[in-house]
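Have the viewer open as you read.

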Amino acid sequence: MTLASREQEWAELMRAAIAGDAAAYRGFLQALTPHLRAMARRRCDSYGSPHSDAEDVVQEVLLAIHLKRGTWDQDRPIGPWLSAIVRNKMVDTLRRRGRHVDIPIEDVSDVLQADEPPDATQAHDIDRILSTLKGPQRDIVRSISVDGTSVRETAGRLNMTEGAVRVALHRALRTLAAAYRGNV
Amino acid sequence: MKTEDLIGVLAQDAPVAWRLSSRLAVAFSLGALIATTLFALAVGVRPDLLAVGGSARFLFKFSFALALLLGAAGAVTRIGRPGVGPGPWAFLLVALPIALALAVMVELFVTPEALWGTRLVGRNAAFCLTVIPILALAPLACLIIALRDSAPSRPGFAGAVAGLAAGGIAATLYASHCPDDSPLFVAVWYSSAIAMVVAAGYLMGARFLRW
């Protein structure tokens with residue numbers, strides 16, 4: 001697929017997503033993620049961060065794209081918007097992580113000795129941050145992420161209205177982003 | 001958590017009900033409304049406005065403040081959008097200090113040297129330094145709140161531009177009250193008052209607009 005047609009397709013998916021199409025949005029994020037991952041791994045190398053940070057970076061960038069998608073002017077191409085937001089966030093998060101890079105040598109040798117290669121799409125920061133969420137926010141994120149339920153099913157399960165679940169989910173994601181800024 | 005699971009969570013929060021442009025428009029209007037109300041109640045236009053309204057000095061002063069307001073407001077609409085350049089408004093903001101410098105030179109040329117000091121100090125310098133920042137407070141707060149949904153690459157700088165727009169609103173209002181019309185007065189006191197608002201905007205931006 002050429003760059004231009006991919007950009008066209010992503011723009012269409014994103015327009016549908018902003019209008020509320022969850023499947024289109026999932027498609028967009030899934031298409032984008034491998035690019036983010038490759039970029040994050042390259043950047044981790046150049047910043048001297050361990051490769052295991054890359055997936056944490058990918059997730060933080062995805063969250064930033066999610067929370068800031070309303071800043072994309074739908075009359076403009078999506079490419080420049082996307083690259084600016086990814087570049088900003090990636091530099092920012094790697095710089096922040098770079099200050100905390102401190103890997104005991106035992107961790108590295110543990111990984112080297114492990115029989116199974118660790119799952120490269122597993123990230124850790126987010127679980128630590130999720131564990132600080134409270135009440136319904138935590139239940140909602142867990143229900144959707146672990147059990148794969150939709151907002152509607154989650155609402156039924158938690159005895160809440162769909163609107164309340166949507167509001168709580170959105171707040172939870174904002175809290176997550178703030179926690180990344182403060183803690184990681 | 002696996003990235004695939006996070007994507008599943010984000011997808012459930014797909015719709016976006018807001019537009020940055022409309023949020024900024026609301027913030028700008030609300031801020032300007034509060035500032036104007038405050039100005040009308042506590043300060044008011046100068047009594048001789050109709051008599052002096054056509055004078056070259058007053059027209060320059062007022063247009064300067066208005067152009068600053070328009071230029072900075074235009075820049076605010078773009079500052080929080082990743083991948084969008086500064087646009088035509090930036091040129092206006094660059095042109096304004098040049099226009100002010102030219103006006104100062106003309107003023108020095110047409111005014112006897114003995115009057116320079118009087119024109120510069122004016123009658124109302126301390127009031128100008130107080131009123132402009134106070135009038136700018138509400139617009140600045142509104143713009144910063146609206147910009148929290150934006151994604152500025154340099155949060156402090158974005159806050160400073162919001163400060164410039166808020167200072168522009170305040171200066172435009174105050175220009176219709178202030179009896180000092182000389183470009184010398186504008187260059188020193190208006191600029192200082194607006195610089196205070198810009199500095200406050202910078203600090204607020206660095207604090208509240210990180211994302």
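The model scores are ipTM 0.86 and pTM 0.88.

A bit of housekeeping. This is a predicted model, in which local features need pLDDT of at least 70 and side-chain atom pairs count only at pLDDT 80 or more, while totals for chains, interfaces and linings use all residues. Residues are numbered from 1 along each chain as its sequence is written, and chains are lettered from A and ligands numbered from 1 in the order in which they are written.

Now take chain B. Its secondary structure is nine helices and zero strands, and its C-alpha trace spans about 75 × 35 × 25 Å along the principal axes. Look at helix α7 (residues 125-147) of chain B against α8(B): their axes come within 7 Å and cross at roughly 135 degrees. (Axes are lines fitted to C-alpha atoms, for helices over the stretch in contact, and angles run from 0 to 180 degrees between N-to-C directions.) The pair is therefore oblique; under 35 degrees counts as roughly parallel, over 145 as roughly antiparallel, 65 to 115 as roughly perpendicular and the rest as oblique. The crossing is right-handed, meaning that the near helix is turned clockwise from the far one by less than a right angle.

By class they divide into 19 nonpolar, three polar and no charged. Contact means C-beta atoms, placed from the backbone, within 7 Å; Ala, Val, Leu, Ile, Met, Phe, Trp, Tyr, Cys and Pro are nonpolar, Asp, Glu, Lys and Arg charged, and the others, Gly among them, polar.

Over in chain A, helix α2 (residues 22-47) and helix α3 (residues 54-67) have axes that come within 9 Å and cross at roughly 130 degrees. That makes α2(A) oblique to α3(A), and the crossing is right-handed. A:Leu36 and A:Ala40 are among the α2(A) residues here, with A:Val58 and A:Leu62 among those of α3(A). Turn to the next partner: α3(A) packs on helix α4 (residues 78-98) of chain A at about 135 degrees, with the axes 10 Å apart. This crossing is right-handed, and the contact residues include A:Ala64 in α3(A) and A:Met90 in α4(A). They divide into eight nonpolar, one polar and two charged.

Zooming out, chain A is divided into domain 1 (3-97) and domain 2 (120-183), with bounds from an automatic or database domain assignment.

Finally, the two chains meet: 29 residues of chain B are in contact with 43 residues of chain A. Helix α1 (residues 3-11) of chain B gives the most to chain B's side, with nine residues. That side has 14 nonpolar, seven polar and eight charged residues.

Technical notes. Helix = DSSP H or I, 4+ residues; strand = E, 2+ residues; numbered from the N terminus.
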